[in-house]
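Here's a quick tour of one protein model, with an eye on how its nonpolar and charged side chains pair up. Have the structure open while you read.

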Amino acid sequence: MDDVDRIVEQWARERPELETEAMAVFGRIYRLAKVLGDRQEKVYGELGLNRGEFDVLATLRRAGDPFELSPKQLSATLMLTTGGMTGRLDRLERSGLVTRSPDPEDRRGLIITLTARGRHLVDAAVGAGLDAQRDVLEQLPPAARRRLNALLKDLLAAAEP
């Protein structure tokens with residue numbers, strides 16, 4: 001019996017008419033996301049990054065060579081306001097992980113480019129983050145991991161607009 005079972009049991013006692021299956025499923029998803037998010041935050045912290053900074057660097061890295069995007073593209077990908085993005089970019093630029101330069105296609109725009117140092121750091125961070133995730137996931141047999149992935153994909157598709 002885990003904490004989620006105890007919460008569901010309490011609701012069953014207090015409100016027996018409630019169907020609590022969704023509470024159990026999503027309570028576990030939420031707790032798992034929190035535990036793994038904290039682990040990844042710790043891993044990134046050991047490399048001198050926070051989660052938000054990692055997300056920006058990873059987005060630039062995934063964009064492929066020449067590893068550059070506009071602030072608007074970054075904001076849209078990360079679902080951030082431009083103000084939130086500006087703060088992250090300021091910190092990353094001061095750390096020498098990204099550069100800002102004028103957009104040759106738009107005189108008012110900027111291009112954010114991942115530096116060689118930023119690329120090296122994000123490559124290390126993504127590997128370390130995956131190791132932390134794999135440590136947990138490998139507690140399940142391979143067939144169960146594949147099934148879990150398929151079920152979560154279906155559930156996410158059902159939940160998204």
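What follows covers the record, the core and the salt bridges.

This is a predicted model, so local features need pLDDT of at least 70 and side-chain atom pairs count only at pLDDT 80 or more, while totals for chains, interfaces and linings use all residues. Residues are numbered from 1 along each chain as its sequence is written, and side-chain values use heavy atoms, with hydrogens and water left out.

First, the annotation. An unreviewed UniProt entry puts "domain: HTH marR-type" at residues 22-157; the positions are in the numbering used here, the feature name is shortened, and such annotations may be inferred rather than shown by experiment. That span is 71% helix and 12% strand, and its end C-alpha atoms lie 16 Å apart. Helices (H or I, at least four residues) and strands (E, at least two) are DSSP runs, numbered from the N terminus.

Now for the core. A nonpolar core is a set of buried Ala, Val, Leu, Ile, Met, Phe, Trp, Tyr and Cys residues joined through side-chain atoms within 4.5 Å. Buried means under 20% relative accessible area, exposed over 50%, and partly exposed in between (1.4 Å probe, protein chains only). The largest such core has 23 residues, and those with the most contacts inside it include Leu49, Phe54 and Leu92. Among the elements giving two or more residues to this core are helix H2 (21-46), helix H3 (51-62) and strand S3 (106-114). H3 supplies the largest share, 5 residues. Setting aside neighbours within four places in sequence, Leu49 has contacts (heavy atoms within 4.5 Å) that include Tyr44, Leu97, Leu121 and Ala125.

On to the charges. The structure holds 15 salt bridges, each a side-chain nitrogen of Lys or Arg within 4 Å of a carboxyl oxygen of Asp or Glu. Here are some of them.

| Salt bridge | Closest N and O atoms |
|---|---|
| Glu14 and Arg13 | 3.1 Å |
| Arg15 and Glu17 | 2.5 Å |
| Asp90 and Arg100 | 2.8 Å |

Arg15 is partly exposed at 37%, whereas Glu17 is exposed at 54%. Both Glu14 and Arg13 are exposed. There is also a network of salt bridges linking Asp2, Asp5 and Arg28.
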